[in-house]
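Subject: Structure for your review

Dear colleague,

Please find below the structure that I am handing over to you. My findings follow directly after it.

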Amino acid sequence: MKKTFAALAAAAMTFSATAAFAQIKIGVVGPITGQYAAFGEQMVKGATMAVDEINAAGGVNGQKLELITGDDACDPKQATAVANKMVSDKVVFVAGHFCSGSSIPASDIYKEGKILQITPASTNPKLTDDAVKKGNTTIFRTCGRDDVQGATVGAYILKNNKGAKVAILHDKSAYGKGVADETKKALNKGGLKETMYEAYNDTDKDFTALINKMKQAKIDIIVLGGYHTAGALMIKQAREQGLMAKLMGFDALETAEFAQLGGAATDGVLMSFPPKAEDDPKNAALVKKFRDAKFNPEGYTLFTYAAVKVWAEAANKAKSTDPAAIAKVLRGGKFDSTVGVLEFDEKGDIKNPVYDIYVWKDGKSSPIKK
C-alpha cells in the first residue's frame, strides 16, 4: 500500500512538473499518506481522470488545467500548511479536503486566498454553517452532511432495534464526534437513550478495555463515529473476545481496505453512505475507464471527479476562474454529475442529500433493500 501511494505521489509531482502547457492551476488535497491514504488515492484518481477529460475536451475557457496534489494526512496543522501552499502556488480551485477536521481550518485560508473549495467528503455541518457566519461564500460540497447521515442511522436503529442497548463511540475528530453526536440526537429524539457514550483515539490498536466495558453493559449495537482503520480493528477484536454486538458505522468505512483489515469479522457490519455512483448505469462507461486503468472507483472517487467537473462547468459558464463568479453560477444552476443532479443552497450544501444503509459481506458493501 505504501509503495502504491509513494508511486502515486511521485506521479502527481511528475505531472505537475512537466505540465508546462498548463495555464490554470487547480488542486486536490487529502490524506495521501497515513492510515487514511486509501481515501486520498480515491480523491487523486477521481480528480486526475476529470482533469484529463477536461483537457482533452479543450480545457476551461480555452486553457489547460494543471493538477497539483496536496497531502494533509488528515491532520489539521498539515492541512493549513498545504492550504497556504496552494495559495502561494496561485491555485484557483481545490477539490478537498477529505477529513472535516482538515477542511474546516483550511477553508479560512482558501477564503482569504481567493480559492474556491469543493469538498467531496467532509460531512461535518460546521464546515458550511460556520462559513456562512464568516461570510465565506466560496465553499461547497458534493456530499451530504452528518445531520442527514446521523438521522438516517438513528431512524434505522429505531425502526429495527427497539429496546436495544446502544454504545455510541467516537474518535474525538470533527468528523467522528460530529456524526456520533448527530446519531445520538436522532436516537434520543426517538426515545432511545444510549447505554454508553465513549471516546477512543484513532491511533488505538488495542480495544480490550472498551470491549470488556461493552460486554459488561450487554451492548447490542455499537455506533462507531470514526474511520475504517479503527473500526476494522475494533470489530475483529470484539469477535475474538466474544462480543457479538452489531457494528454500525458511517461513510468513512467505504473502502475495500476495511474488509481487508477486519477480515470475516466485517461481515454483517452496517454503514450509511450515499447511493453508490459506481453502481449507477449512467456511469458504466466511466467506471469501465477507471477499471481498465486498474483502479476500482469506490468510495469518494466519483464524488471528487464530480467536484472537478462541476467546477469546470461553472467556470466555463462564468467565463472566469474568479471564485465569486463561479460561486454565483454554482448557486444558480443544476449540474448533472456522476453523483446525481447537484443543486447548491446558500451555504454551499447540496439540496436533498440522500444516505442509504449498507451491509458488508465477503469484502463488499451492498445496500439493504428498503
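Helices α11 and α12 are roughly perpendicular to each other, a term used for angles of 65 to 115 degrees, whereas under 35 counts as roughly parallel, over 145 as roughly antiparallel and the rest as oblique. The axes of α11 (residues 284-292) and α12 come within 12 Å and cross at roughly 115°. Axes here are lines fitted to C-alpha atoms, for helices over the stretch in contact, and angles run from 0 to 180 degrees between N-to-C directions. Helices (H or I, at least four residues) and strands (E, at least two) are DSSP runs, numbered from the N terminus. L286, V287 and F290 of α11 meet T301, L302 and Y305 of α12, where contact means heavy atoms within 4.5 Å.

Please note that this is a predicted model, in which local features need pLDDT of at least 70 and side-chain atom pairs count only at pLDDT 80 or more, while totals for chains, interfaces and linings use all residues. Residues are numbered from 1 along each chain as its sequence is written, and side-chain values use heavy atoms, with hydrogens and water left out.

The nonpolar cores

A nonpolar core is a set of buried Ala, Val, Leu, Ile, Met, Phe, Trp, Tyr and Cys residues joined through side-chain atoms within 4.5 Å. Buried means under 20% relative accessible area, exposed over 50%, and partly exposed in between (1.4 Å probe, protein chains only). The largest nonpolar core has 98 residues, of which I26, M214, W311 and L330 touch the most other members. Helix α12 (residues 301-318) gives the most to this core, with 10 residues. A second, separate core holds 11 residues, including I68, A83, A106 and Y110.

Which residues does M214 contact, leaving aside its neighbours within four places in sequence? They are A167, L169, M196, I219, I222 and L243. L243 is found in the loop between α9 (228-240) and β9, and it is buried, with a relative accessible area of 5%. L243 and M214 are 29 residues apart in sequence and 7.9 Å apart in space, C-alpha to C-alpha. Not counting residues up to four places away in sequence, L243 touches I211, M214, K215, I219, I222 and A238.

The five-stranded sheet

An open sheet of five strands has the order β2-β1-β3-β4-β5, with parallel pairing; two strands pair if DSSP finds at least two bridges between them. Each of β2 (65-71) and β5 (139-141) stands at an edge with a single partner strand, so one side of each is left without a neighbour in the sheet. From one strand to the next, the twist averages 20°. Strand β1 (residues 24-30) runs parallel to β2 and is joined to it by seven bridges; K25 has E66 of β2 as its bridge partner.

Two helices pack on this sheet. Helix α3 (residues 76-88) touches β1, β2 and β3 (93-96), and its direction makes about 155° with that of β2. Helix α4 (residues 100-112) touches β1, β3, β4 (116-119) and β5, and its direction makes about 160° with that of β4.

The seven-stranded sheet

An open sheet of seven strands has the order β7-β6-β8-β9-β10-β13-β14, with mixed pairing. At its edges stand β7 (196-199) and β14 (364-367), each with a single partner strand, so one side of each is left without a neighbour in the sheet. Here the twist averages 25° from one strand to the next. Strands β9 (residues 246-249) and β10 (residues 270-273) run parallel and are joined by two bridges; the bridge partner of M248 in β10 is L270. Helix α7 (residues 174-189) packs on the sheet and touches β6 (166-170), β7 and β8, with its direction at about 155° to that of β6. Helix α8 also packs there, touching β6, β7 and β8, and its direction makes about 175° with that of β7.

Backbone points to check

Most residues other than glycine have a negative phi, and most peptide bonds are trans. A cis peptide bond, with omega about 0°, joins G96 and H97; H97 is placed in the loop between β3 and α4. K90, although not a glycine, has a positive phi of about 60°. K90 lies in the loop between α3 and β3 and counts as exposed at 65% relative accessibility. K218 is not a glycine either, yet has a positive phi of about 55°. K218 lies in the loop between α8 (208-216) and β8 (221-225) and counts as exposed at 60% relative accessibility.

Yours sincerely
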